Amino acid sequence: MYEYDDIDQTLVDERVAQFRDQVARRLSGEISEDEFKPLRLQNGLYLQLHAYMLRIAIPYGTLSSRQLRGLAQIGCTYDRGWGHFTTRQNLQYNWIKLEETADALADLAKIQMHAIQTSGNCIRNTTTDQFAGAAHDEIEDPRVWCEIIRQWSTFHPEFSFLPRKFKIAVTGSPNDRAAVRVHDIGLRMHKNAAGEIGFEVIVGGGLGRTPFIGKTIRDFLPKQDLLSYLEAILRVYNQFGRRDNLYKARIKILVHEIGIEAMREKVEAEFAASKDGALKLPQDAIDQIAAQFAPPAFEKLSGISAEYANAFRTDFEFGLWARRNTFKHKQPGYSIVTISLKKEGAPPGDASAEQMNAVADIADRYSFGEIRVTHEQNLVLAHVKQSDLPAVFKALKAYDLATPNVGLASDIIACPGLDYCALANARSIPIAQQIALRFKNWERAHDIGELKIKISGCINACGHHHVGHIGILGVDKAGEEFYQITLGGAADEQAAIGDLIGPALNTRDAVDAIDTLVETYLRLRNSSDERFLDTYRRVGLAPFKEAVYAVA
Amino acid sequence: MPLLKDGRLVGEDAFQPVADDAALPESGAVLVTYARWQAEKEQLSGRNDPLGIVLPNTLDVLDFGAEAERFDLIVLTFPKFSDGRAYSQARLLRERFGYRGELRATGHVLQDQLWAMQRSGFDAFEIPRDDAAEAFAKAISTFSHVYQPTGDGRVSALKQRLAIQNKDGRRKQEAAE
């Protein structure tokens, strides 16, 4: 994985010094809160309901074991011994003191980490496939491009005060696990007719108040032009994106209002004028970054390991876990392991310092010391030998990290909601916990199969509810928490925005409704191979709606 | 308003701002609005003294760029420091249209944005503080490296590393020979 050199380290250290000075000037009153706010936001510091929250960037969701241990330590020193993994593959601490922030950032810098541009109206952490560099279905490792984008977008002088935040995602696989169609810019690597690999560029997707599926602005972009093209899009957006209304300031609204054709015309004109400039990527510069993502030293293995086959046959729990929580690796004899942070009844995405240290140890022993964070708020060990899977399962289980529910109904995405967030209208975590408990029975959960439930505590949609197979949105009705339910959303290569089933329900009825929806699906599905989403696409909204509101 | 140019405080602005409804002085450097320039191009072009123009940050500079070299001063505006449109205008004027005259930032210009402004091509700043020169010196020395190329000519980290790699490669090759 990518290691800082002197340049990266110097810049991060200088950033800490800069922020320390800014905090001092704020505390002395030299700068106003209004002037300080964007400075702290661009260093990941939010003012929440009860305390400051500090959001740490985990570039494209990749961590070394040393970094994860460092995060655990910082969580103990400055928070209450916890970290919360987010849908942007980042980590948040929820109980931070303003006076201590610079110290926390200095500690982060020691492990080659930072909180730069994790908030504010700038280019945010670029996200990607959590299986990058490991998945069997990958065309090319997207992390190389994420790192190139990370460097280009960090402290970009022209784009530090955009109309609104800006999120980029990259997938190197046709099976999109990075939700690229619901990002401000989505990049999908693919091969053109000539066999060259480049990018499909998708623009103007996004969730929030006005959800949009992104539109293709260019079918094929050669690799060496990536930064010139990104800069062209950002330049058009910076000048012409709306700044009169916070809720209409994302690039999706610009694309929607002027249309994708007009947008393409502007961007292509800008690109034509700049593509042969200083941003054009020389092949040797690409190679230099790519070398840092060289595959680890895999053993040459063949056939199915006896340990694995034996455990699968004799240990029922292991078999359940291996079926649900592992994914096919491109290297024979290896698997990708997803560590569920969704034990039924626990807040989705939370990990204790103890758990983080345990994962770091397991990664060192079994997965080349590397950990990934998924946008679905789980962790990943990308390169585990199949013969080690039983041992990994056992080690994870000792820390409550082996819940066999990846992709199932209890693997819920939820935003922090009204328990922490100043913007929320309703709580997300308690309803996620209640729903997950309904699907604790493994037999039923595995029979239901893949079902993505996503919960947001307000219209800003941090919990991605629009693209949940079942989406849940918290609303406030005269001081009481209500929940709107949508069906049929998807964030993958067939991205879709979910359809609203009807009036919002109170907490108890909403939890019951999820049960009813699932029972309806089980009744309607053609076979156990037909997923909830497939059934919904086949039969439509009506039978689900009837089932939920018939009793009410 | 203290005016900083090339990092130094300028005692008096050489350009006299002229309101749209005021008569132009017979001679001397003047600063006019974009609207006035549009209305009185011929008359203004006839003057022999330096000419400055204030552009609104809503202007598409592609519509103005070809005329940029006609001016000795272009003033770009930051109505609020968080409104970053003028950064793009500045880079386009410098890098696309090759404007070499004074490029001045006005409006809500704060210490913490000076670095980005300078990298985008600004060389003059109206800063409402007495220690503007010190604040500027501090701001622009915040970072020792840059990650991206702009018209300021600084070499990006990506290319710096390539140069180091190539140099190392040559050294190894020479040692081998």
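## Domains 1 and 2 of chain A

Between domain 1 of chain A and domain 2 of chain A there are five residue pairs in polar contact, both residues being at pLDDT 80 or more; a polar contact is a pair of N or O atoms within 3.5 Å, where within protein one must be able to donate a hydrogen and the other to accept it, and residues adjacent in sequence count only if both atoms are side-chain atoms. On the side of domain 1 of chain A that touches domain 2 of chain A, helix α1 (residues 6–27) of chain A gives the most, with three residues. Helices here are DSSP runs of H or I with at least four residues, strands are runs of E with at least two, and both are numbered from the N terminus. By class, that side of domain 1 has four nonpolar, two polar and three charged residues. Ala, Val, Leu, Ile, Met, Phe, Trp, Tyr, Cys and Pro count as nonpolar, Asp, Glu, Lys and Arg as charged, and the others, Gly among them, as polar.

Nine residues of domain 1 of chain A are in contact (heavy atoms within 4.5 Å) with 11 residues of domain 2 of chain A. The two domains bury about 830 Å² between them, 58% of it from carbon and sulfur atoms; buried area is the accessible area (1.4 Å probe) that two parts lose on being put together, summed over both. Of the area that domain 1 of chain A buries against domain 2 of chain A, A:Q42, A:Y60 and A:R88 supply 59%, more than any other three residues. The rule finds one salt bridge across this interface, a salt bridge being a side-chain nitrogen of Lys or Arg within 4 Å of a carboxyl oxygen of Asp or Glu.

## Basis of the model

This is a predicted model, in which local features need pLDDT of at least 70 and side-chain atom pairs count only at pLDDT 80 or more, while totals for chains, interfaces and linings use all residues. Residues are numbered from 1 along each chain as its sequence is written, chains are lettered from A and ligands numbered from 1 in the order in which they are written, and side-chain values use heavy atoms, with hydrogens and water left out.

## Domain layout

Chain A is assigned domain 1 (6–110), domain 2 (134–291), domain 3 (306–397) and domain 4 (413–551), with bounds from an automatic or database domain assignment. The C-alpha centres of domain 1 and domain 2 of chain A lie 27 Å apart.

## Interface of chains A and B

Chain B places 40 residues in contact with 46 residues of chain A. About 3900 Å² is buried between the two chains, and carbon and sulfur atoms give 55% of this area. In chain B, the residues that lose the most area to chain A are B:Y147, B:L158 and B:R161, together 19% of what that side buries.

Across the interface of chain B and chain A the rule finds 10 salt bridges. A:D34 forms a salt bridge with B:K80, with the closest N and O atoms 3.8 Å apart. On the side of chain B that touches chain A, the elements giving two or more residues are α3 (85–96), α4 (114–120) and α6 (157–176) of chain B. That side comprises 13 nonpolar, 15 polar and 12 charged residues.

## Positive phi in chain A

A:Q89 is not a glycine but has a positive phi of about 60°. A:Q89 lies in the loop between β4 (82–85) and β5 (91–96) of chain A and is buried, at 0% relative accessibility. Buried means under 20% relative accessible area, exposed over 50%, and partly exposed in between (1.4 Å probe, protein chains only).

A:Q117, also a residue other than glycine, has a positive phi near 55°. A:Q117 is placed in the loop between α4 (101–110) and β6 (127–128) of chain A, and is buried with a relative accessible area of 5%.
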